[in-house]
Structures are given as C-alpha cells and as structure tokens.
Amino acid sequence: MNKDIVTPKGIGIISIFPIVMFIFDPYVITNGGLAICDVLIFLMAFYLFATYGIAMYKPLYTLICIDVVLTLISFLFTYSTNTNFNLSFKIAIVFTLYLFVYSGIWTQILQYKDDFYKAVEIIGLICAVFALMQFAFASAGVDFYGGKLPFPMAKNSSFGGIFDANTGDFRVHSFFEEPSYLAFFEIPITIHLLQKKKYIKSIICGAACILSGSMIGILGLAISLITMLIFDSDVKISTKIRFIVLLVALIVAVIILYNVNDSIKNLINYYMRRLN
C-alpha cells in the first residue's frame, strides 16, 4: 500500500460510487452499450488495485465461497437445455469483481467511515425527500417527475411511471427503477439514522419505505426495527422506550390519517390486499 496516496478525499470519492450505483443500475451509456454500473465498477477496480493493491474483507470472501457452492449444487440439479454457460460465466466474473471491489473499498473506508456514513445519509435523505414529494403531488393528482434519469435503458430494464395505467394506483419509487428498490435502499439507512439518534431524518427515510407501497419495505422495516429493539445492546433502554412511544404516536397518527386522507387510506388498503 502506498501511504502517500491514501487520503480521505480519494477514498471518499470512490466510496460514493457504490451508493449511487443503486440508482444507475438500469442505465447504459449508449443504446445496447455498456451498463453504467459496469463502467463504474471497472473504474473502481482500477483505482483500488493501482492504489492499495488487492484487499479482501473476510465476510465477503466467505460469501463468494458460499455462492460458488450453491451455484455448483444448482447446476447439478438443473436439466434445462437452454442454460447459457457463456452468459453465466460472464455474470459470475462481473459479480465476483463487484465483491472484490466492495471488499477493497470497505477495508479502506473503515479508516474514514464517518465521511462514508455522512455520504450515505445525505444521498438516502435526498432520495427519501424526493419520494415524499412524489407521494404528495400524486395525492393531489399532479403528474410529477417520475425520477428517470436522462440515460438510455438497458435491454431488460424498464422504468414505470408513478401511476399504474391499469389500476390507477400510484406507488412512488424516487430515482429508482421500482418501489421495492427504494425500500431496499432506505431500510438500512433508516436503522442507521435511528441508532445515531437522528430521529427526524430516520422518520423521513422510514416514511419513504412505507409510502413506496412495497411489502419488502414495510415488512423489512418492521423486522429491522424489532431486531434492533430486542438485540441491539448498543441502543440504551431509555432510547428504546422513547422509540416505542414515538412508534405508538405514529400508529395513532396513521389511524387518524386513514379516516381523513384518501391517499393514505388507499395505500393501507393496498397493503391489506397484498397481505391477503
């Protein structure tokens, strides 16, 4: 490792890439061209290997081994004649590269984790606020910006609008391809903000998960919150009690809104239909 070029600025810039790659996932540089995320991952790999050498984070190494074993097992029990081995091999190489790059980034980020977490919070909050804006405008019947960026879409990707053309329902997804991706992104950020006692920001990000209309969002958020309250010893008892009181107050507020706001009522009814 060349310590002369290990700087918070350098690793800070490169560590932002994995955060925004959630948003850039469905896009390509030109029609039928390279995926933007693949270009970013190659740039990150070049920077990391040239600057720090190869570093491996043990949990990710374990994940690669488990993935290889499961892949081999699935191959033994797959009899389809349509299996594309060349495509599978290419995907395996790219995904392995992703894991190596993320591993290398993480081993360096640990030195500057506060800057990394700050970037995560800022981007997560921007996406959540935009999702709340989409919900507010859609509730008012306004055709608001759907969040699609001005790049070509990959062949197998699609970016739906906020309103469902068939049912008339609307589901917000911020800058992401679909609502469940927004939920996946915001759940860990919500819990992180809650652990850091940044309650207002945590509520905003958690609200984006719920308003997405994604079962992954509401169930994932519920499981994460329950797990934190029961098993996270770093969170003080007093903090847990305050959170429970806040949660009860939010439930009461939702019940009131259900009876006075059609958009909230439709959203809750949508969740109930999905559960049924």
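Helices here are DSSP runs of H or I with at least four residues, strands are runs of E with at least two, and both are numbered from the N terminus. With that in hand, we can count: the protein has ten helices and zero strands. Following the sequence, the pattern reads α-α-α-α-α-α-α-α-α-α.

Before we go further, a word on what you are looking at. This is a predicted model, in which local features need pLDDT of at least 70, side-chain atom pairs count only at pLDDT 80 or more, and totals for chains, interfaces and linings use all residues. Residues are numbered from 1 along each chain as its sequence is written, and side-chain values use heavy atoms, with hydrogens and water left out.

Let us start with the whole protein. Of its 276 residues, 36% are buried, where buried means under 20% relative accessible area, exposed means over 50%, and partly exposed is in between (1.4 Å probe, protein chains only). The accessible surface comes to about 16,700 Å², and carbon and sulfur atoms hold 69% of that surface; such areas come from the Shrake-Rupley method with a 1.4 Å probe, and for residues only the protein chains shown count as cover. Contacts tell us about the fold as well, a contact being heavy atoms within 4.5 Å. Among contacts with a separation of 6 or more, 69% join residues 24 or more positions apart.

Now look at some single helices. Helix α2 covers residues 36-51, and its 16 residues reach 22 Å from first C-alpha to last, close to the 22 Å expected at 1.5 Å a residue. The expected span is 1.5 Å times one less than the number of residues. The buried residues of α2 include Ile-36, Leu-40, Met-44 and Leu-48. Helix α5 can be checked in the same way: its 27 residues should span 39 Å, and its end C-alpha atoms are 38 Å apart, which agrees. Just after α5 comes Gly-141, with a positive phi of about 80°.

In helix α3 you will find Leu-63. Is Leu-63 buried or partly exposed? Its relative accessible area is 42%, so Leu-63 is partly exposed. Leu-63 is 36 residues from Leu-99 in sequence, while their C-alpha atoms are 8.8 Å apart in space.

Next come the pockets. On a 1 Å grid over the protein atoms alone, a pocket is an open set of points where a 1.4 Å probe fits, with protein on both sides within 12 Å along at least five of seven lines, and lining residues have an atom within 4 Å of a point. The largest pocket has a volume of about 1,600 Å³, a volume being the space filled by probe spheres set on the points, which are joined across faces, edges and corners. Its lining has 40 residues, and those closest to its centre are Met-21, Phe-22, Asp-25, Tyr-98 and Tyr-102. Two or more lining residues come from each of α1 (8-24), α2, α3 (58-76), α4 (85-109), α5 (113-139) and α6 (179-195). Helix α4 gives the largest share, eleven residues. By class, this lining has 30 nonpolar, five polar and five charged residues; here Ala, Val, Leu, Ile, Met, Phe, Trp, Tyr, Cys and Pro count as nonpolar, Asp, Glu, Lys and Arg as charged, and the others, Gly among them, as polar.

The second largest pocket holds about 950 Å³ of space. Of its 32 lining residues, Ile-210, Leu-221, Leu-247, Leu-250 and Val-254 are the closest to its centre. The elements giving two or more residues are α6, α7 (199-211), α8 (215-231), α9 (237-260) and α10 (262-275). Helix α9 makes the largest contribution, nine residues. This lining has 29 nonpolar and three polar residues, and no charged ones.

Among the buried residues of α8 are Met-215, Leu-221 and Met-228, and their cover includes α6, α7, α9 and α10. Ser-180, found in α6, counts as buried because its relative accessibility is 10%. Leaving aside neighbours within four places in sequence, Ser-180 is in contact with Ser-214 and Ile-216. Val-235 lies in the loop between α8 and α9, and its relative accessibility of 11% means that Val-235 counts as buried too. Not counting residues up to four places away, Val-235 touches Gln-195, Met-228 and Lys-240.
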